[in-house]
Amino acid sequence: MPAGRTPRQFFRPLAIGAPAPLREQPVRLERMIHFVPPHIEKMRAKIPAMINQVDVILGNLEDAIPADQKDAARQGFIEMARDNDFGATGLWTRINCLNSPWVLDDIIEVVSAVGEKLDVIMLPKVDGAWDIHYLDQLLAQLEARHGISKPIGIHAILETAEGVMNVEDIAAASPRMHGMSLGPADLAAFRGMKTTRVGGGHPDYQVLADADGDKPRVGFQQDLWHYTVAKMVDACASYGIKAFYGPFGDFSDPAACEAQFRNAFLQGCHGAWSLHPSQIDIAKKVYSPDPGEVAFAKRILDAMPDGTGAVMIDGKMQDDATWKQAKVIYDLAELVAAKDPEYAEIYGI
Ligand code: GLV
Ligand code: MG
């Protein structure tokens, strides 16, 4: 017996009257998921001006919201969802984790009030497919009750050791799965990693060059997150969902933030979180493909109109596989250009 639902059952609605699950996730530009603390009125007031600056706005109800502000954050999110027209910009919320005292109200109140406007729910501390199945069923019941016309997506945070072990099952758990983000802070704590940083490298995690007489030995800092990002990207790509790098906590080090975002981008991630306004532009720069790469990709696509064969461009061999690589970059450039006139001009698209 297969462990999951049969292929035919997989795409059936989980409640009578719930919208049919999507066969494919909508193609959307999601270079940054911008976090907003919805209990703070001053922050909510900035939303109208922010909508055109970011790809996704997320009202955060979980960590960083004090326990005595959880209800205010939930009500603030409902208010900001009601009061604004988000257009093509995604509207997400991060709910509290499933064993918390707040999560049931988060789900029921938010979906009842603004479920029609909500694109994605970010679920923290996902350990396995069972967490997704629970939210999947509950969302279907609420969608049916409130006559919601499009299914709300689920985005998991990969931030427990058990979650990393079960990453493939999580990716495969439901047609609602939009994608997942690496949560380096919780993951470091769960694993017992000895770092107080939120993402990025660590000066002590390095490889030491060989000894050469009395010469000083050089240490090369390594990427602490390489293994997890790679594992997440493979699981997500295999199941047709999207991988994201999560938070970078040191707002005073934009260069390190950019490097971390870029490593994830090169490895296959689609975006990262912005926790501070300064990180919006960093994410935009990193997750919009480099104009030189876009121009080169276009040359490959033009040189091989049907995507087969072999050609040389500037001494570099191109074939069916590099055509596919070029298409990844050019398709992304088109998506960016459609949203951002500034990039449309740079890319000449
Ligand atoms: C994000 O939620 C993290 O724990 O890094
Ligand atoms: Mg976390």
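**View 1. Helix α9 and the shell around ligand 1.** Helix α9 (residues 184–191) supplies the largest share of the shell around ligand 1, three residues; helices here are DSSP runs of H or I with at least four residues, numbered from the N terminus. This is a predicted model, in which local features need pLDDT of at least 70 and side-chain atom pairs count only at pLDDT 80 or more, while totals for chains, interfaces and linings use all residues. Residues are numbered from 1 along each chain as its sequence is written, chains are lettered from A and ligands numbered from 1 in the order in which they are written, and side-chain values use heavy atoms, with hydrogens and water left out. Around ligand 1 you will find R94, E159, G183, P184, A185, D186, P247 and W273, each with a heavy atom within 4 Å of the ligand.

**View 2. Polar contacts of ligand 1.** A polar contact is a pair of N or O atoms within 3.5 Å. The side chain of R94 places an N or O atom 3.1 Å from an oxygen atom of ligand 1. A polar backbone atom of A185 is 2.8 Å from an oxygen atom of the ligand.

**View 3. Helices α11 and α12.** Helix α11 (residues 254–267) and helix α12 (residues 278–287) have axes that come within 9 Å and cross at roughly 35°; the axes are lines fitted to C-alpha atoms over the stretch in contact, with angles from 0 to 180 degrees between N-to-C directions. In contact (heavy atoms within 4.5 Å), residues of α11 including F261 and F265 meet residues of α12, among them I282 and V286.

Notes. A polar contact is a pair of N or O atoms within 3.5 Å; within protein, one must be able to donate a hydrogen and the other to accept it, and residues adjacent in sequence count only if both atoms are side-chain atoms. Helices (H or I, at least four residues) and strands (E, at least two) are DSSP runs, numbered from the N terminus.
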